[in-house]
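Here is a short briefing on one chain. Look over the sequence and the model, then take the points below by topic.

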Amino acid sequence: MKPSRVLVLMHPDFTPPDSLKGYSEKEKHVWKTEYDVISTLRESGHEVRAIGVQHELHPIREAIDEWKPDVVFNLLEQFHGETAYDQNVASYLELLRMPYTGCNPRGLMLARGKALSKKLLSYHRIPTPAFAVFPIGRKIKRPAKLGFPLIVKSLTEDSSVGIAQASVVDSDEKLAERVKFVHERVGTDAIAEQFIDGRELYVGVYGNDRLRVLPVWELQFGEDAQGKLTVATEKLKHDLDYQEKRGVFYGRAENLSPELTRRIQRIVKRICVTLELDGYNRIDFRLTAEGVPYFLEANPNPEIASKEEFAAAAAHDGMPYPDLLNRILELGISRARAVLQTE
């Protein structure tokens, strides 16, 4: 890819320093994605400018008008503190006719709505856990057909937010208690879905019209898998000390038959088409002992740091990190070009 002007959007708190010198692993963990993207793009010959965006859109417009970038690398996961508003930033970039990386606003909307995405995929006969939604201010009553155990999550926040061992419930009393926890502590509606006991699989995919599915990756629970239900808690997924202490790590899923691997890859493509996902995405599954991959959720614009599961799976597939970022840029540019050609 020829050198380009790349405007990188991020939360102001995640703006990285120019150098890693003097920072601990915990400190670097906060802005590792932003640092990896910016530094790697610069090493690849691109001219890069980073801006923090949180409550106002005008800094984006000013930077585009003044600097005239070729493409925007969108690392925003929220706006005004709301994850559901990330789609509006993508829509704004589309209105400006500005090429941008990652998923389009329609895909963001469908994927962020956990209940809606599950309904759509269930209609298309993709294995999906049964679920019920519990809005704030409504009576907490479990549908009779929804059996235990259940796992209670935020309906709109990232799946790990508010997730703990106590999120898995086996009675109506515990269900009500955990739903209230999500309402009061996370501040969102809650979703309770059938808990699928099994292996936690993550499958990266990139592309617009033609999709490339990456090798299946797995969250290894380490000591947390011994004698209790495996839950991808907020602490397990984000606490580096906890991961090291308990032997938690991500790696390629082993002992999957070629037939099962191909089936998962086909399902991933069907999910992307159904939810209108493009750019780069990660699809999460629980694989039962019987070999049934249950869809958990779709993650548009997933973690893209150089050592995280998406980039690691791409590297295993023969796509080094600099090439992966360049490919993501190309996908954003080609999508914008295709839209203009149809007008």
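A residue is called buried when its relative accessible area is under 20%, exposed when over 50%, and partly exposed in between. By that cut-off, helix H11 (residues 309-316) has these buried residues: Glu309, Phe310, Ala311, Ala313 and Ala314. The model is predicted.

**Overall build**

- The chain contains 12 helices and 13 strands.
- Its radius of gyration is 20 Å, close to the 20 Å from the globule rule for 343 residues, so the chain is as compact as a globular protein of that length.
- The C-alpha trace spans about 60 × 45 × 45 Å along its principal axes.
- Of the 343 residues, 51% are buried.
- Take the contacts between residues at least 6 apart in sequence: 69% of them join residues at least 24 apart.

**Surface and charge**

- Side chains include 47 positive and 50 negative ones.
- The centres of these two sets lie 5 Å apart.

**The end of H11**

- Gly318 follows H11.
- The phi of Gly318 is positive, near 90°.

- Asn208 sits in the loop between strand S8 (199-206) and strand S9 (212-213).
- Its side chain reaches the backbone oxygen of Leu331 at 2.9 Å.
- The Asn208 side chain also makes a polar contact with the side chain of Ser334, at 3.4 Å.
- Leaving out residues up to four places away in sequence, Asn208 touches Asp278, Gly279, Leu331, Ser334 and Arg335.

**His183 in helix H7**

- His183 belongs to helix H7 (residues 172-186).
- Its relative accessibility is 13%, so His183 counts as buried.
- A polar atom of the His183 side chain lies 2.8 Å from the backbone oxygen of Phe134.
- Phe134 is also among the residues that His183 touches, with residues up to four places away in sequence not counted.

- Lys228 lies in the loop between strand S10 (217-220) and helix H8 (234-238).
- Lys228 counts as partly exposed because its relative accessibility is 39%.
- Lys228 and Gln165 are 63 residues apart in sequence, yet their C-alpha atoms are 9.3 Å apart in space.
- Lys228 touches Gln165 and Arg246, not counting residues up to four places away in sequence.

**Backbone geometry to check**

- A cis peptide bond joins Phe148 and Pro149, with omega about 0°.
- Pro149 is in the loop between strand S4 (131-134) and strand S5 (150-154).
- Arg125 is not a glycine, but its phi is positive, about 65°.
- Arg125 is placed in the loop between helix H6 (114-123) and S4.
- With 77% relative accessibility, Arg125 counts as exposed.
- Glu276, also a residue other than glycine, has a positive phi near 60°.
- Glu276 is in the loop between helix H10 (258-274) and strand S12 (280-287).
- The relative accessible area of Glu276 is 43%, so Glu276 is partly exposed.

Notes: Residues are numbered from 1 along each chain as its sequence is written. This is a predicted model: local features need pLDDT of at least 70, side-chain atom pairs count only at pLDDT 80 or more; totals for chains, interfaces and linings use all residues. Side-chain values use heavy atoms; hydrogens and water are left out. Helices (H or I, at least four residues) and strands (E, at least two) are DSSP runs, numbered from the N terminus. The radius of gyration is taken over C-alpha atoms; the globule rule is 2.2 Å times the number of residues to the power 0.38. Buried means under 20% relative accessible area, exposed over 50%, partly exposed in between (1.4 Å probe, protein chains only). Contact means heavy atoms within 4.5 Å. Lys and Arg count as positive and Asp and Glu as negative; His and the chain ends are not counted. The place of a charge is taken as NZ of Lys, CZ of Arg, CG of Asp or CD of Glu. A polar contact is a pair of N or O atoms within 3.5 Å; within protein, one must be able to donate a hydrogen and the other to accept it, and residues adjacent in sequence count only if both atoms are side-chain atoms.
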